[in-house]
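Here's a quick tour of a protein's inside, written for someone just starting out. Have a look at the sequence and the model first.

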Amino acid sequence: MHIMEGYLPWEWCLVWFLAAVPFLFFGARKIIKIVRDNPEQKMTVALSGAFMFLLSSLKLPSVTGSSSHPTGTGLSTVLYGIACTSFLAAIVLIFQTLLLAHGGLTTLGANIVSMGIFGPACGFAVWHLLRSMRLSIPISMFSAAMSANILTYVMTSLQLALAYHDIGFLTAFSEFLAVFALTQIPLAIIEGMIFAMFAMYLVNNKPEIFGGAAGINAAGGREKC
Amino acid sequence: MLMKKNHKYLYSAGFAVIALLIVCTLALGAGNNSEFGGSDDAGGEVIDKVSDDFGGPWWNGIFGDYELPEETESMLFALQAAAGAMIIGFFIGYVYHGKRDRKFGKHSEPEEKEE
């Protein structure tokens, strides 16, 4: 889903960079604070980053003839919130840009906004909504990861449509959406299932991980699924 | 609420559905003669379509036009996946070990013979 190097006019590159910087700043600060205050959380932070690493490297060809990959931001947005996710996503994106020629340095800001901020923010909202409706952790996790994935791609389409809309903004937006978001639906379901299964595993084996997660107390603390 | 015993089957069912979905999308993609291109490239084509004066990317990145050979690129992707999977595997092992220690005490493993 990453916008390629040089494919975004520099004005927009600047706009998205400026939008991403505050999130990155607070994310970095929050992660340093978490690791310093609760060293036992270090591994969970690494874990949520690891999911991003693993899933965003799995490129699959997909329905519309293009290919894309899951984003893997579901776990970290649920456990640590949007700012931390943006920081972890930035690490993944920089890795992919420098080593894999996937994404780009100039479009890094835009990619962080879509994969690290907008998508996870939607996943975060979905998680809160479903948890406040007292749905179980795996189901909420499934929906959160799935919506984080799809909306990442919707945001990418929006970013491209904002930059290139000579044939009308809505037409351009739907063109981009057809390539990016449609491809993404089966992948989003797969990603949702992976996260739901992992959430199930965590609930059964290490439920205290979700203790710090926002929205957990709404449904009454510990539970089995 | 499900019984603990059933979780094994739930995991297997989950993996089966995931495998099925992957095969289906792959088959569909093959049916449409799609190339394994990456939606990045498809995005470039759409930009061409919706924009009148798109003159191609204005910067080619620090590596310029140089593209890694395909094998190297997929190797690096695999490396990235491996790094992620390693940490996840470590975490699962850690949880497993912690659980066992809590259950049986720290030094109750049959392998540990030194006393």
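This is a predicted model: local features need pLDDT of at least 70, side-chain atom pairs count only at pLDDT 80 or more; totals for chains, interfaces and linings use all residues.

Residues are numbered from 1 along each chain as its sequence is written, chains are lettered from A and ligands numbered from 1 in the order in which they are written, and side-chain values use heavy atoms, with hydrogens and water left out.

Let's start with Ile31(A), which sits in helix 1 of chain A, residues 10-37. Helices here are DSSP runs of H or I with at least four residues, numbered from the N terminus. Setting aside neighbours within four places in sequence, Ile31(A) is in contact with Val45(A), Cys84(A), Phe87(A) and Leu88(A); contact means heavy atoms within 4.5 Å.

| Residue | Relative accessible area |
|---|---|
| Ile31(A) | 10% |
| Cys84(A) | 2% |
| Cys122(A) | 17% |

Now for the largest nonpolar core: it has 64 residues, and Phe198(A) is among those with the most contacts inside it. Such a core is a set of buried Ala, Val, Leu, Ile, Met, Phe, Trp, Tyr and Cys residues joined through side-chain atoms within 4.5 Å.

How many disulfides are there over all chains? The count comes to 0, with a disulfide being a pair of cysteine sulfur atoms within 2.5 Å. The sulfur of Cys84(A) is 18 Å from the closest cysteine sulfur, in Cys122(A), so that's too far for a bond.

Definitions and conventions:
Helices (H or I, at least four residues) and strands (E, at least two) are DSSP runs, numbered from the N terminus. Buried means under 20% relative accessible area, exposed over 50%, partly exposed in between (1.4 Å probe, protein chains only).
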